[in-house]
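Welcome! Please have a look at the sequence and the 3D picture below, and keep both in view while you read.

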Amino acid sequence: MRRKWFILAAALLLMMVMGASPVFAKTVLKLGTSTQPTHIYNQAAEYFGKLVADRTGGDIEVQVFPASQLGSERDMVEGLQLGTLEMTLTSTGPMGNFVPQVKLFNLPFLFKDRESCYRVLDGEIGTQIADRFPAVGIRSLGWFENGFRNITNSKRPINTPEDMAGLKIRVMEDDVFILTMKALGASPLPMAFGELYTALEQKTVDAQENPLAVIHSSRFFEVQKHLAMTGHFYSPAVLLISDIAWKTLSPEQQKILTEAAAEARDYERQISLKADQELEAACAREGMEVTNPDKAPFAAAVASVYTEPSVVKAIGGGDAEAGQKLIDAAIAAAQ
Ligand code: EAX
């Protein structure tokens, strides 16, 4: 009899504790990025987290971990697949290793301007590619922005493709970036972003390329003298959630996340544009010597990447014909 009472009392107590304390109901979504805390990714991730917390009455908390604390961009995407990490905002740099069609967006000089990027990413092509993610255990909550990439180096001002000759340049881990830099006569070295500052400081590499928002927030001006505004790649970012985490959420929560992500994407695109407008001058103030090369000879020098059979085939997911179709459709939509 006493035992029965004890069990009843314990059950009542547990119910009271659980009912009174939302801590038990709270879902924590860890969101990792590779960039420094002040970078636009992290501003957008915090903005997203605030919307989600407000709209779920605090039931979902997004915790942002910048600066590759949770691993490289590639590691984080693998974490999403395994369910050891819930979210990441990443460049498309490593994404071709998971969904080869994403390599399409890594092609040099594909997009004319920001409007054309958004048209392609938010339109049919971007949606079709993002729809392939769940098959590999991840889900896109939208295409965000890393930005147009520019080249920095410690050796010389870059005005023409010839100035790239022999430069040891760090690139993101995808063969499209490697082929592009080889076509310019440079020596590309793929490397995770978290190792880059030290590699530049220790002169393991002479050069790197990134959008101004990354260059400035990572203080590359401390270790790189020259900045060339080449805009050779447009680098999209993507907000990803682990399919495992996604399936633990209620339809209502999924809707809140989807809507908050769209708002955070728009917000991030705004601050990214502002960063591009302000940071060339800011890098110059920090001592960088800035050049604005004519882009046409650079585009001509890398045109061969578009016809490289391995690239075309990969973009088609192993089917060269499908790859060519996708490239043609993207070129038509992006101009
Ligand atoms: O996603 O690896 C890179 O150069 C990326 O542009 C950076 O980490 C932001």
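The sections below walk through strands, helices, a ligand site and a few single residues.

## Before we start

This is a predicted model, in which local features need pLDDT of at least 70 and side-chain atom pairs count only at pLDDT 80 or more, while totals for chains, interfaces and linings use all residues. Residues are numbered from 1 along each chain as its sequence is written, and side-chain values use heavy atoms, with hydrogens and water left out.

## An open sheet

Let us begin with the strands. Helices (H or I, at least four residues) and strands (E, at least two) are DSSP runs, numbered from the N terminus. Two strands pair if DSSP finds at least two bridges between them. Six strands form an open sheet with mixed pairing, in the order β7-β6-β8-β5-β9-β11. At its edges stand β7 (187-190) and β11 (289-291); each has a single partner strand, so one side of each is left without a neighbour in the sheet. On average, neighbouring strands of this sheet are turned by 25 degrees against each other, direction ignored. For such angles, axes are lines fitted to C-alpha atoms (for helices over the stretch in contact), and angles run from 0 to 180 degrees between N-to-C directions.

Now zoom in on one pair inside the sheet. Strands β5 (residues 150-153) and β9 (residues 226-228) run antiparallel and are joined by three bridges. Find I151 and look across to β9: its bridge partner there is A228.

## Helix α3 and its buried side

Which residues of helix α3 are buried? Buried means under 20% relative accessible area, exposed means over 50%, and partly exposed is in between (1.4 Å probe, protein chains only). In α3 (residues 73-82), the buried residues are E73, M76, V77, G79 and L80. They cover an arc of only 150 degrees around the axis, which puts them on the same side of α3. The arc is that of the directions from the helix axis to the C-beta atoms.

Contact means heavy atoms within 4.5 Å. The buried residues of α3 pack against β1 (27-32), α2 (40-55), β3 (87-91), β4 (138-148) and β10 (234-242). Just after α3 comes G83, with a positive phi of about 85 degrees.

## Strands β4 and β10

Two of those packing partners also pair with each other: β4 and β10 run antiparallel and are joined by eight bridges. Nine of the eleven residues of β4 are buried, so this strand is largely enclosed by the rest of the structure.

Not counting residues up to four places away in sequence, S242 touches L80, G83, L85, E86 and G137.

## Around the ligand

Which residues surround the ligand? They are S34, T35, Y41, E73, S91, N146, R149, R170, M172, F193 and N210, where a residue is near a molecule or strand if one of its heavy atoms lies within 4 Å of it.

Some side chains make polar contacts here, a polar contact being a pair of N or O atoms within 3.5 Å; within protein, one must be able to donate a hydrogen and the other to accept it, and residues adjacent in sequence count only if both atoms are side-chain atoms. An oxygen atom of the ligand is 2.8 Å from an N or O atom in the side chain of S34. For the side chain of R149, the distance from such an atom to a ligand oxygen is 2.9 Å, and for R170 it is 2.7 Å.

## Single residues to look up

H39 sits in the loop between β1 and α2. Buried or exposed, which is H39? It is buried, with a relative accessible area of 1%. Leaving aside neighbours within four places in sequence, H39 is in contact with N146, A213, V214 and S217.

Y118 belongs to helix α4 and counts as buried at 14% relative accessibility. Leaving aside its neighbours within four places in sequence, Y118 is in contact with G123, E145, Y234 and R269. Y118 and R269 are 151 residues apart along the chain, yet their C-alpha atoms are separated by 9.6 Å.
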